Amino acid sequence: KFFSTKNLKDDEKILRFLMVGNLLKAKGIEEYFQASKKIKTKYPEVECNLVGKYLPSNFDSISKEKFYEIRNSGVINYLGNIGYDEMPDIYNQSTIFVLPSYGEGLPKSALEAASTGMPLVMSDVAGCRECIKNNCNGLLVKSEDVDALFLAMESFIQDTNLISSMGKESIAIIDERFSLEVISKKYQDLIG
């Protein structure tokens with residue numbers, strides 16, 4: 001279901017960063033917001049987008065005030081909680097995937113983004129590390145570090161060749177590590 005329908009060279013004209021995840025503190029929402037502010041100040045033409053469900057009853061949810069601040073800031077385009085069937089289009093309309101999480105299992109959204117040819121910017125934490133060969137299909141940054149996140153995001157603006165080269169590597173890594181054939185073989189090896 002998730003595959004690239006974009007011409008990577010054409011898509012470099014308007015850079016669109018995309019973060020996908022529930023609006024929880026541990027996903028790095030605040031870091032993405034602050035890094036996006038810096039990006040938009042320096043590069044106003046760049047888009048910073050966010051997809052995810054606001055979960056006010058979750059203990060780790062961002063506050064209602066922070067939710068409204070992000071939504072109304074003009075810095076991040078909050079696209080809301082998008083249905084699974086619509087996500088391939090969202091990924092294919094985006095350029096660079098960002099997930100500054102404090103820790104993950106194996107982030108499905110990063111695998112989906114990579115399979116559509118997006119380079120990844122993610123925290124150097126368990127789960128995220130498994131999706132990235134650093135400086136190959138994306139960049140790993142120190143967790144909870146707004147400046148490191150900003151610099152990683154900015155590197156794609158300053159050198160747009162990274163987008164197509166790392167995007168192609170994302171697809172190759174998905175095929176190599178996470179394709180249905182690879183997972184099925186590993187599963188069969190486990191059960192004997």
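**A guided reading of the predicted chain**

Ile 29 is buried, with a relative accessible area of 2%; buried denotes under 20% relative accessible area, exposed over 50%, and partly exposed the range in between, with a 1.4 Å probe and protein chains only. The structure is a predicted model, in which local features need pLDDT of at least 70 and side-chain atom pairs count only at pLDDT 80 or more, while totals for chains, interfaces and linings use all residues. Residues are numbered from 1 along each chain as its sequence is written, and side-chain values use heavy atoms, with hydrogens and water left out.

Ile 29 belongs to helix H1 (residues 29-42). Helices (H or I, at least four residues) and strands (E, at least two) are DSSP runs numbered from the N terminus. Among the residues that Ile 29 touches are Met 19, Leu 50, Ile 62 and Ile 70, when residues up to four places away in sequence are not counted; a contact requires heavy atoms within 4.5 Å. Ile 29 and Lys 66 are separated by 37 residues in sequence, and their C-alpha atoms are 9.7 Å apart in space.

The chain as a whole has seven helices and six strands. Read from the N terminus, its elements follow the order β-α-β-α-β-α-β-α-β-β-α-α-α. Of its 192 residues, 49% count as buried. Among contacts between residues at least 6 apart in sequence, 69% join residues at least 24 apart.

The interior may be considered next. In soluble globular proteins, nonpolar side chains tend to be buried together. The largest nonpolar core holds 53 residues, of which Phe 17, Tyr 32, Phe 97 and Met 153 touch the most other members. Such a core is a set of buried Ala, Val, Leu, Ile, Met, Phe, Trp, Tyr and Cys residues joined through side-chain atoms within 4.5 Å. The contacts of Tyr 32, with residues up to four places away in sequence not counted, include Phe 17, Cys 48, Val 98, Leu 149 and Met 153.

Cys 48, one of the residues that Tyr 32 touches, counts as buried at 0% relative accessibility. Cys 128 likewise counts as buried, at 0% relative accessibility. Cys 128 is in no disulfide, and the nearest cysteine sulfur, that of Cys 131, is 6.5 Å away; a disulfide is a pair of cysteine sulfur atoms within 2.5 Å. By this rule, the structure has zero disulfides.

Aromatic rings provide a further theme. The structure holds three aromatic pairs. Rings of Phe, Tyr and Trp (its six-membered ring) pair if their centres lie within 6.5 Å; planes under 30 degrees apart count as stacked, over 60 as edge-to-face and the rest as tilted. Tyr 54 and Phe 67 are stacked, at 4.2 Å centre to centre with 5° between the planes. Tyr 54 lies in the loop between strand S2 (47-51) and helix H2 (64-72), and Phe 67 lies in helix H2, 13 residues apart. Both Tyr 54 and Phe 67 are buried. Phe 67 also pairs edge-to-face with Tyr 78, at 5.4 Å centre to centre and 85° between the planes. Because Phe 67 lies in helix H2 and Tyr 78 in strand S3 (residues 77-80), this pair ties together parts that are 11 residues apart in sequence. Phe 67 has a relative accessible area of 8% and is buried, whereas Tyr 78, at 21%, is partly exposed. Ring pairs link Tyr 54, Phe 67, Tyr 68 and Tyr 78 into a cluster.
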